[in-house]
Amino acid sequence: MKRLVLVGPGHAHLYVLEALARAPLPDVETVLVSLGTRQLYSGMLPGWIAGDHALEQLSFELEGLARAAKARLEPSGALALRADQRELQLGDGRVLGYDVASFDIGSLPAGTELPGVKEHALVLKPLERALAVLSEASQPLGPLLVVGGGAAGVELALCLQARTRRPTLLLERGEEVPRGASRAARRLIRGLLAQRGVELRTGAALASLEPGSARLESGESLPFTTCVWATGARAPELFAPSGAAVDAQGYLAVEDTLRSPSHPELFAAGDCAGFISGQRVPKAGVYAVRQGPVLSANLRAALTGEGALRPYHAQAGFLSLMNAGDGTAVAAWKGLAFHGRAMWHLKDAIDRRFMARFQRLAGQRSEAR
Ligand SMILES: Cc1cc2nc3c(=O)[nH]c(=O)nc-3n(C[C@H](O)[C@H](O)[C@H](O)COP(=O)(O)OP(=O)(O)OC[C@H]3O[C@@H](n4cnc5c(N)ncnc54)[C@H](O)[C@@H]3O)c2cc1C
């Protein structure tokens, strides 16, 4: 009997579990390692804050998903990887050996090492922490500060402001908001933020947080009562000391087949994978989703020894849909950008279809109808 360990119930692993439920692998024991028994879907989190969805609509029960795939759930998380020994240390202290292990554990927010951030900001990942956002943010307190002007920061600023009506400031160290978006999308978002009374500060790098006050590198102090941390990604801490090859940022190095170049029994997908071929793969859920079927086929090939590994090729771009918190959304696609109710309905339909697929698999009553 061989053992396949899937570490992290991220987007790509959902497809692996679905394929295992459809076509089990003979003589393979599958273990799913997670942090807790529930997985939250980040794409619907801003909508939950805005009051569009109930919590059950954006969560998967992992016991049900594991059961469907005939896998065992280990919810205490992975603490350490010892790649040369083919061992994974679990959060409860036990050590799990494997024949093949695959990682889809996402990324961590960048910049949390700055003084005061861990103590005074609501850091979004792991997403369970984000559940604290609404309860604190919805208090009739003073100003809200959202740090990070990527798509997630923009959505959160708009949704939090719509829900709480508190004065909201969005802070970004670069000049582009949302980071990496087209000129048309940036112009539309700037206009929308202004119209909704969300103050935007670009070129503003945060140096530290103290209770009630954020200090910028320029020396300026900004008052806040709730600070939400929505910066870019950094690598999970598991990989650097593991003995497996990592890329320059510390993500688990993978070839285009999603396999480690140093340890052929290791695979990675989603945010935690670092592509060494040089192909550009942004850290976004839509890319992790497209890696799912390739990862699934390649894990099967690695375990059975049948068939060659398939390469994954990232799509050239993607439709970005940002919830504006008031029943409208912004869609950005290639150089174009649109705003309105129809975009919200499109986002809602895509999110609900994704959730329904895996909630059904988990035997959960599909909340996402
Ligand atoms: C508010 C917000 C909104 C977003 N909206 C979008 C969007 O609309 N579209 C989009 O494409 N991207 C969006 N993103 C980005 C997106 O969340 C990530 O890029 C995406 O989730 C990455 O998917 P993944 O499969 O790599 O990992 P994740 O979805 O992050 O899943 C990783 C899982 O592994 C678990 N895990 C972590 N460490 C361990 C461990 N040591 N042991 C076991 N389990 C572990 C985590 O708890 C988590 O359940 C958004 C992000 C945020 C914060």
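How do the residues lining the largest cavity divide into nonpolar, polar and charged? I get 3 nonpolar, 4 polar and 4 charged, with Ala, Val, Leu, Ile, Met, Phe, Trp, Tyr, Cys and Pro as nonpolar, Asp, Glu, Lys and Arg as charged, and the others, Gly among them, as polar.

Ground rules: this is a predicted model, where local features need pLDDT of at least 70 and side-chain atom pairs pLDDT 80 or more, while totals for chains, interfaces and linings use all residues. I number residues from 1 along each chain as its sequence is written, and side-chain values use heavy atoms, without hydrogens and water.

Cavities next. My search of the whole structure turned up 3 cavities of 30 Å³ or more. On a 1 Å grid over the protein atoms alone, a cavity is a set of points where a 1.4 Å probe fits but cannot get out, a pocket is an open set with protein on both sides within 12 Å along at least five of seven lines, and lining residues have an atom within 4 Å of a point. The largest cavity has a volume of about 50 Å³, counted as the space filled by probe spheres set on the points, which are joined across faces, edges and corners. Its lining includes Met44, His53, Glu155 and Trp344.

Then I looked up the second largest pocket, at about 250 Å³. It has 15 lining residues, and Ala110, Val147, Arg173, Trp229 and Thr231 are the closest to its centre. That lining splits into 8 nonpolar, 4 polar and 3 charged.

Last, Val5: beyond its neighbours within four places in sequence, Val5 is in contact (heavy atoms within 4.5 Å) with residues including Val31, Leu88 and Tyr98.
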